[in-house]
Structures are given as structure tokens and as C-alpha cells.
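Subject: Structure for your review

Dear colleague,

Please find below the structure that I am handing over to you.

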Amino acid sequence: MNKKSLRYFVPCLAMALCSVAFTSCSDDDEGSVPTGPTTTFDGKQLVAVGNYTFRYDDRNRCDGVSYYNDDFIDINYDNSTIYLDDDFDELGGYKVKFNGKGYISNILASWNFSEGSDRYNGSGSISFSYNGDRLVSQEMNSKEEYAYDGERYSYSATGKTTLEWRNGDLVSGSMRYEEAEDDYESWMADEFTVTYDETLANPHKQFPYVLYYLLDEDYYVFGFVGMLGVGPEHLPASYEGEFSEEGQPWSESYSGNVSYGLNEDGTIDWERLNGSTYRYDYYTAGGNDVYGRSASKMSSIERAKKVRDMFMKYRNRK
């Protein structure tokens, strides 16, 4: 299995949010209704990166994300809940907590649905921890009891990502996920390093696409709009890493270079990675323009399955 193909095993935006059980390492107190972040880059707000589009409320907080025309995500700051679409509240949505700076610290989800004679009942959690303004770790836990084809099963998963920063730049990361289904256990691990050209300054501390690619989880999409802390002092120039998994006699090495086009104010105009170019679009903060796309309507079963899928990262879906 190619490490960089794993993203496509889970619906792109269902992963944009997970669940939660832990607290942030930030010194800031958590609040149920954050005042931010209202992240701007030289007075502009980011409205698109590649095929992701971001929407803002009248307080300039990101309150929605779309991917192409599908899987619209809404954030309701009044009740600290994230919804996959306008009527997702019938399944409870994802409960989210923010620290005092408006960074996401915790998200919690659960699911309970039937499909024919099959029944699924589970929950999952993810926490994000910060050192000041920079994300330093992320932990995930999930569990499920389910009946499938007349048989009963149990499933659990844990995962942790640790990030190392040096002189304001993210220089390495390590990730390990472990899963257990009844008596069968498996694991997957990934380690990467990032190198920088100190002439490539990142004056607005944006979260570049290459870091989203390396972290390999769609909920890092919120890094683009400042909801997971600030980005590095410089723009990454290259990366390399190694991915391995249980039962495979090999490990996969990967590497790549990154190039950028910058606007006059130093914001990223485009980023080229692995032969693909990702454009960045902005508008003046507080403007009246409307951004975002309409959600595709899903049945309650489809929405519940999207919630469930996010916490079963590598396993074949039942």
C-alpha cells in the first residue's frame, strides 16, 4: 500500500474533523465559544487552496469548508458543533473545543446506526496539543462494537503524531497508528523530515500544502486558515520520509521538492508539489463576497458512515 494513497481510503472532508478526549498543552484556557482565530495574511483571508474552499462568518472566523462540490462542513460556534451539512444535527455532529487562541484542541464524535441486519455503535476522539502557537502533537482513539453478517465484532484504534520544531520551522514528524479487530492487531508508522532554504521566508507564517500532504490526514485542512496554530518561519524546500506497516517485509521511502510563487506582499500565490500546482486565493477580510459551495445531500446512514470511516483509517470498510 502506498503511504501517500491512504488519504483516498476515507472521504476527503469527513476526515476534516474527528473526535476528542484530551486537553491542549497550550497555556491558554479553553472556551466553548472562541473569539478567533480570525487569521489574516496581510489583511487578506484565504478562501481557497487547490480544490478546498473556505467560508467565513461575520466575525471573520472560518465556519465552513468545501471540497469540489461535495461534503460541505459547517462549524456552529454557538454550540461548538461541526456538521457535515445543514441537517446533520439529527446525528449530533462533532463536538469541538477550542483553546483561548481559537485553535482546535478537541473534537468528539459517536455513531449508532443500522443497515439491514448489520448494526454499528462506536465513538472516537482526537486531541491537538500546542507549545505556544505551534502544534506539537495529535492523538486519536476510537472503538466500536458491531454486528455484521450475523457475527459480532469489536474494533479499537489509537494513534499519535509528534512534531518537532526548530528555530520556528517544522523539521520532522513521526506518526504511529495501531488497530485491533477482535484478536487481529496491526500497525502503521511514518517518519519524515523537512528541509528549508532560509531565503524562502514565510512572513505570514502560512501553513503550506506540503505540510498538509506530509501529515496525511484531511483534518489538517484547518491548518490553512489558522485553526491549528501558525506555520513555519520559512517555506519548506524539500522533504523525505519512510512509511512501514505490519505484515509487510518492506518500508517505503519517499521524497520530493517544493516550489512556490509569491505575491508582492509575501503571501503564497501557488505551490507546486509532485507535479501538481495548488493555487491560493484570497479576499479582503470583512468583505461582502460569498465563498463556498452547496453541499451534496446525504442520507442519515451515509452521514453516519462518514463519521465512522474517519476513525477506521486503514481498515477495509465493512
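Residues 24 or more positions apart make up 61% of the contacts in the chain with a separation of 6 or more. Please note that this is a predicted model. Its secondary structure consists of two helices and 16 strands. Of the 318 residues, 54% count as buried, and the accessible surface of the chain amounts to about 13900 Å², with 43% of it belonging to carbon and sulfur atoms.

Turning to the aromatic rings, the count is 18 aromatic pairs, taking ring centres within 6.5 Å as the criterion. One of them joins tyrosine 209 and tyrosine 212 in an edge-to-face arrangement, at 5.3 Å centre to centre and with 80 degrees between the planes. These two residues both belong to helix α1 (residues 209-215), where they are three residues apart, about one turn of the helix. Tyrosine 209 and tyrosine 212 are both buried.

Tyrosine 209 also pairs with tyrosine 278, here in a stacked arrangement: the centres are 3.8 Å apart and the planes are at 15 degrees. This pair links distant parts of the chain, since tyrosine 209 is in helix α1 and tyrosine 278 is in strand β16 (residues 276-284), 69 residues apart. Tyrosine 278 is buried, as is tyrosine 209.

One aromatic cluster is formed by Tyr52, Phe54, Tyr67, Phe207, Tyr209, Tyr212, Phe224 and Tyr278.

Finally, a charge sits over a ring at tyrosine 282: lysine 44 lies over its face, at 4.5 Å from the ring centre.

Kind regards

Methods. Residues numbered from 1 in each chain as written. Predicted model: local features only at pLDDT ≥ 70, side-chain atom pairs only at ≥ 80, totals over all residues. Heavy atoms only, no water. Phe/Tyr/Trp six-rings, centres within 6.5 Å; stacked < 30°, edge-to-face > 60°. Helix = DSSP H or I, 4+ residues; strand = E, 2+ residues; numbered from the N terminus. Buried < 20%, exposed > 50% of the residue type's maximum accessible area, 1.4 Å probe, protein only. Lys NZ or Arg CZ within 6 Å of the ring centre and 35° of its normal. Contact = heavy atoms within 4.5 Å. Areas by Shrake-Rupley, 256 points an atom, 1.4 Å probe, with all protein chains shown as cover.
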